[in-house]
Amino acid sequence: MSLPGVPAAGAVVRLRDRELGLDRPVVMAVVNRTPDSFYAPARYDEAGADAAVARAEEEGADIVDLGGVRAGRGPRVEPDEEIARVVPLIERVRRRHPDLLVSVDTWRSSVARAAALAGADLVNDTWAGHDPELVAVAAEHGLGVVCSHTGGARPRTDPFRVTYPSSPAERAPREHPDDERPDDEQDPLDGVVDDVVATLAAAARRAADLGIDPASVLVDPTHDFGKNTWHSLHLVRRTPALVALGYPVLMAFSRKDFVGESLGLPPEERLEGTLAATAVAAWLGARVFRAHDVAATRRTLDMVATIRAERLPERVVRGLA
């Protein structure tokens with residue numbers, strides 16, 4: 001039960017028969033085996049990826065998200081090459097870091113199947129079911145899945161003048177019980193919330209219908225993908241509408257363009273903006289955060305969880321000793 005004035009907590013995550021997010025949000029560390037990531041420090045070769053995983057675990061990551069293809073535009077990477085980049089890494093992580101949960105960032109069912117056989121726990125489908133067989137692969141192998149929203153965009157494409165008309169009939173849930181705005185006062189940007197909520201609800205239901213534990217079905221509004229900066233900012237504000245779906249909410253803000261455009265900064269200077277968005281979404285109930293900067297994200301989320309009275313301070317002596 002939430003304290004007065006504290007937004008409701010979101011659903012916890014269950015992977016590999018473990019529950020995460022009970023007393024603080026979950027950190028999913030980004031480790032990319034890609035030579036062309038938009039954030040240069042996240043471009044890891046084989047040895048660098050191993051070191052990055054070890055560092056992420058030391059800094060407090062609960063899950064490590066391993067990717068073999070840049071999300072945005074770039075040279076084509078065939079499925080066999082993607083598998084060659086990520087599967088050996090999954091095997092090493094499972095062997096060297098047995099307590100660390102492993103996610104594979106892919107939209108391809110063939111890659112998901114190879115990752116499952118190598119020991120992955122979660123499939124992070126950032127392209128919203130573009131390959132309709134992917135969720136079935138996750139269900140077949142007992143993996144969790146991330147359901148995302150891209151507004152129908154194809155993998156590795158950028159948005160261009162996308163719009164989400166608002167429809168009162170498909171309106172997202174009110175954020176607070178005392179929200180008594182009349183229908184004609186709905187924010188015009190709520191159209192993107194309506195679309196995201198409807199898309200994620202349908203995708204999550206399909207995953208659950210296939211047999212995936214609902215606590216292993218994460219929903220991600222997928223900021224920047226199929227959206228402009230106004231859309232992404234509004235989705236942060238409307239986090240409670242996503243929490244109300246009843247599935248664990250994943251937020252992937254880390255150094256994204258909506259942060260950079262808000263502050264006029266390149267990827268290398270977007271940490272503070274990322275952490276500000278992280279704190280807001282965590283306060284509003286999101287439970288999983290995909291991050292390049294694990295230690296800073298872990299501390300930010302622990303502080304928010306302490307303010308929300310979900311965890312205790314590490315030490316309390318001021319005014320008492």
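**Inside the core and around it**

Tutor: Let's start at Val31: leaving aside its neighbours within four places in sequence, this residue is in contact with Tyr44, Ala49, Ala52, Val53, Val64, Asp65, Leu66, Gly67 and Leu89. Keep in mind that you are looking at a predicted model.

Val31 belongs to the largest nonpolar core, which has 64 residues, and together with Leu66 and Val145 it touches the most other members. Helix H5 gives the most to this core, with seven residues. Apart from it lies another core, made of 12 residues, including Leu20, Leu218, Leu250 and Val288. In soluble globular proteins, nonpolar side chains tend to be buried together.

Now step back to the whole chain. The protein has 10 helices and 10 strands, and 54% of its 321 residues are buried. Its radius of gyration is 19 Å, which agrees with the value near 20 Å that a compact globule of 321 residues would have. Along the principal axes, the C-alpha trace spans about 60 × 55 × 45 Å. Among contacts with a separation of 6 or more, 71% join residues 24 or more positions apart.

An α-helix has 3.6 residues a turn, so residues three or four places apart point the same way. Just after H10, Ala309 takes a positive phi of about 65°.

Next, return to H5 and follow the chain into the loop between H5 (190–209) and strand E8 (217–220), where you will find Asp213. Ser216 lies in that loop between H5 and E8 too. Because its relative accessibility is 9%, and the cut-off for buried is 20%, Ser216 counts as buried. Asp213, with a relative accessible area of 28%, is partly exposed. The Asp213 side chain makes a polar contact with the side chain of Arg14 (2.7 Å), and it also reaches the backbone nitrogen of Ala215 at 3.0 Å. Ser216 meets Arg14 as well: its side chain reaches the backbone oxygen of Arg14 at 2.4 Å. Beyond its sequence neighbours, Ser216 is in contact with Arg14, Leu15, Leu122, Gly144 and Val145, and Val145 is one of the residues that touch the most other members of the core. Asp213 and Leu15 are 198 residues apart in sequence, yet 8.9 Å apart in space, C-alpha to C-alpha.

Finally, two arginines sit in loops. Arg156 lies between strand E7 (144–148) and H5, is buried at 11% relative accessible area, and has a phi near 65°. Arg255 is found between strand E9 (250–251) and helix H8 (257–263); it counts as buried at 4%, and its phi is near 60°.

Methods
Residues are numbered from 1 along each chain as its sequence is written. This is a predicted model: local features need pLDDT of at least 70, side-chain atom pairs count only at pLDDT 80 or more; totals for chains, interfaces and linings use all residues. Side-chain values use heavy atoms; hydrogens and water are left out. Helices (H or I, at least four residues) and strands (E, at least two) are DSSP runs, numbered from the N terminus. Buried means under 20% relative accessible area, exposed over 50%, partly exposed in between (1.4 Å probe, protein chains only). A polar contact is a pair of N or O atoms within 3.5 Å; within protein, one must be able to donate a hydrogen and the other to accept it, and residues adjacent in sequence count only if both atoms are side-chain atoms. A nonpolar core is a set of buried Ala, Val, Leu, Ile, Met, Phe, Trp, Tyr and Cys residues joined through side-chain atoms within 4.5 Å. Contact means heavy atoms within 4.5 Å. The radius of gyration is taken over C-alpha atoms; the globule rule is 2.2 Å times the number of residues to the power 0.38.
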